[in-house]
Each structure stands twice: as C-alpha cells, then as structure tokens.
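Subject: Structure handover

Hello,

Please find the structure below. My notes follow it.

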Amino acid sequence: MAGAVDGVGAVLEATGVSVEIDGAELLPETSVTLTRGACVAVRGPNGAGKTTLLRVLAGRMRPNRGRAELFGRRLDERDREVRRHIAALIEPPTLYPDLTVRDQLALVEAAWEGEAEGAAWHGFGSGAIDRFGIAALATRFPNELSSGQRQLVSLAVTFARPASALLLDEPEQRLDPDRRSLVAEAVLEARDGGAAVAFASHDAELVARVAGSDVLVGGASSA
Ligand SMILES: Nc1ncnc2c1ncn2[C@@H]1O[C@H](COP(=O)(O)OP(=O)(O)OP(=O)(O)O)[C@@H](O)[C@H]1O
C-alpha cells in the first residue's frame with residue numbers, strides 16, 4: 001500500500017456512505033474524495049453527520065451502505081496500515097491521563113519513529129510542541145490544563161506524526177483567534193507537504209482560509 005502514497009489518485013474515498021443505528025440516521029448518503037495536497041471542509045448544521053463522516057473516513061465506524069476506502073482498500077481502524085496512514089483528531093479527543101504533555105508527545109514520536117517512509121507528509125515531530133505554543137505546559141498532566149490547552153495538546157499530538165491523511169473534527173473549538181490561526185497554518189503546511197486533509201468546522205473564516213473544496217453533509221457537494 002505504501003507505494004500508492006506517491007500516486008495522484010484518491011488517498012481516502014467515501015462513495016455513497018450512510019450510517020444508521022437502530023433506525024436513527026447518523027449520516028445521510030454522502031460521497032467525498034480526499035487527494036494528496038488538498039483540503040476539504042466538511043460542512044453542515046449541528047447534528048448533520050459531520051463527525052460521523054470523519055469516523056467513517058478514519059475507519060472507526062463502518063457505513064451501513066456505500067464504500068469507504070484508503071488507497072482503494074476497505075477502511076478498518078484495526079488495520080495497521082490504516083492507523084499508519086491516517087492521523088485523526090475526532091471527538092472525543094483522547095490524552096493519556098497519567099502522562100505529562102511532554103511525555104504524550106514523546107510517546108507519539110517513539111511510536112512513529114521510522115514510520116515516515118512511504119507517508120506523504122512528515123509532520124512536525126518534536127516541533128509540534130512549539131508550533132502550538134505549548135512549551136510552557138510540557139510538565140503538566142491533562143487534568144491540569146484548561147479545555148483550550150487540552151485542545152492544543154491534542155492538536156500537537158495529532159500533527160506530531162507522519163500521515164498521509166489528516167482528519168480533524170472542529171480543530172478550532174475552544175481556541176482563541178490567535179490559536180485558531182496556528183491551526184490554519186498547521187493545516188496549510190501539512191496540506192502543502194502532501195497530506196490529504198478533511199476537517200469539520202463551523203468557522204467560516206477557517207474554512208475560507210484553508211479549504212479548497214467542501215462537502216455539505218446532507219446536501220450538495222463540491223468536493
Ligand atoms: N450513538 C448514536 N446513536 C444514535 N444517534 C446518534 C448517535 N451518535 C450521534 N447520533 C446522532 O447522529 C447525528 C449526527 O451526529 P454527528 O455528531 O455526526 O453530527 P455533527 O454534524 O458532527 O454535529 P455537530 O455540528 O453538532 O458537532 C445527530 O443527529 C446525533 O444526534
């Protein structure tokens with residue numbers, strides 16, 4: 001699969017996917033294609049299914065109908081290749097409660113050392129802690145952080161590793177305008193490094209700044 005990373009085709013593709021649980025519709029039929037070096041905004045009102053679509057694209061949720069594929073292969077988060085190629089920050093974000101901020105990042109680096117080969121984008125590595133302005137928080141534990149600081153640490157963890165696709169669920173949430181700008185810059189840099197990016201957001205400014213196309217969940221698509 002790694003050989004396909006340098007291709008020009010789809011990195012991640014969902015075709016006519018929909019999700020329902022016990023008769024309740026979580027995601028109406030939706031199609032989207034993520035390609036190298038391109039960023040797609042996932043848009044739609046509260047409850048439309050944006051997070052659900054990102055979960056499907058991350059292989060965390062299997063659609064009831066339609067196909068979801070990474071490099072043409074069916075998505076399943078238990079597949080090591082899927083985990084290697086996709087970095088995702090999707091609600092609820094997870095940080096290890098017993099690790100300091102520095103150790104969360106060190107763990108990511110240790111886990112992904114040597115994994116960069118074949119990935120389209122090599123991430124920021126140890127630079128993630130500076131990139132998101134969290135150096136002063138390095139020795140704190142998650143429960144010693146504000147909700148916005150936790151979001152910044154979660155972003156740093158997500159961006160600290162190589163990945164071919166980056167999936168972000170409202171990455172700007174709980175952040176002040178300056179920190180939102182850091183998110184935009186990080187997404188643009190990852191995209192320009194060759195990552196295929198999709199992010200759900202209600203922030204029209206962020207969407208206009210970083211997205212080249214969008215998919216409207218429950219509506220028409222330009223992606
Ligand atoms: N486990 C579940 N069982 C049943 N319905 C669910 C479940 N999880 C989510 N839903 C419903 O699925 C729909 C889509 O939820 P989702 O979180 O994907 O929406 P969203 O577009 O991300 O919303 P928001 O903008 O508010 O974050 C919502 O109507 C939600 O109430």
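A residue is called buried here if 20 or more other C-beta atoms lie within 10 Å of its own, exposed if 12 or fewer, and partly exposed in between, with C-beta atoms placed from the backbone. This is a predicted model, in which local features need pLDDT of at least 70 and side-chain atom pairs count only at pLDDT 80 or more, while totals for chains, interfaces and linings use all residues. Residues are numbered from 1 along each chain as its sequence is written.

Overall: the protein chain has seven helices and nine strands (DSSP runs numbered from the N terminus; helices are H or I of at least four residues, strands E of at least two). Of its 223 residues, 44% are buried. Two residues are in contact if their C-beta atoms, placed from the backbone, lie within 7 Å. Among contacts between residues at least 6 apart in sequence, 73% join residues at least 24 apart.

Backbone exceptions: Arg-174 is not a glycine but has a positive phi of about 70°. Arg-174 sits in the loop between strand S7 (165-169) and H6, and it is partly exposed because 13 C-beta neighbours lie inside 10 Å. Asp-22, also not a glycine, has a positive phi of about 50° and belongs to the loop between S1 and S2. With 4 other C-beta atoms within 10 Å, Asp-22 is exposed. Glu-91 and Pro-92 are joined by a cis peptide bond with omega about -5°; Pro-92 is in the loop between strand S6 (86-89) and H3.

Ligand: the shell consists of Ile-21, Ala-24, Leu-26, Gly-44, Asn-46, Gly-47, Ala-48, Gly-49, Lys-50, Thr-51, Thr-52 and Ala-200 (C-beta atom, placed from the backbone, within 6 Å of the ligand). By class it has five nonpolar, six polar and one charged residues, where Ala, Val, Leu, Ile, Met, Phe, Trp, Tyr, Cys and Pro count as nonpolar, Asp, Glu, Lys and Arg as charged, and the others, Gly among them, as polar. Strand S2 (24-35) and helix H1 (50-57) each supply at least two residues, and H1 gives the largest share, three residues. Eight of the eight residues of H1 are buried. Just after H1, Gly-59 has a positive phi of about 80°.

Helix packing: axes are lines fitted to C-alpha atoms, for helices over the stretch in contact, and angles run from 0 to 180 degrees between N-to-C directions. The axes of H3 (residues 101-112) and H5 (residues 147-159) come within 9 Å and cross at roughly 20°. H3 and H5 are therefore roughly parallel (under 35 degrees; over 145 is roughly antiparallel, 65 to 115 roughly perpendicular, the rest oblique). Val-101, Gln-104, Leu-105 and Val-108 of H3 make the contact with Val-153, Ala-156 and Val-157 of H5. The axes of H5 and H6 (residues 177-192) come within 12 Å and cross at roughly 10°, which makes this pair roughly parallel. Here Gly-148, Leu-152, Leu-155 and Phe-159 of H5 meet Arg-179, Val-183, Ala-186 and Ala-190 of H6.

Beyond four places in sequence, the contacts of Val-11 include Phe-71, Ser-164 and Ala-196.

Regards
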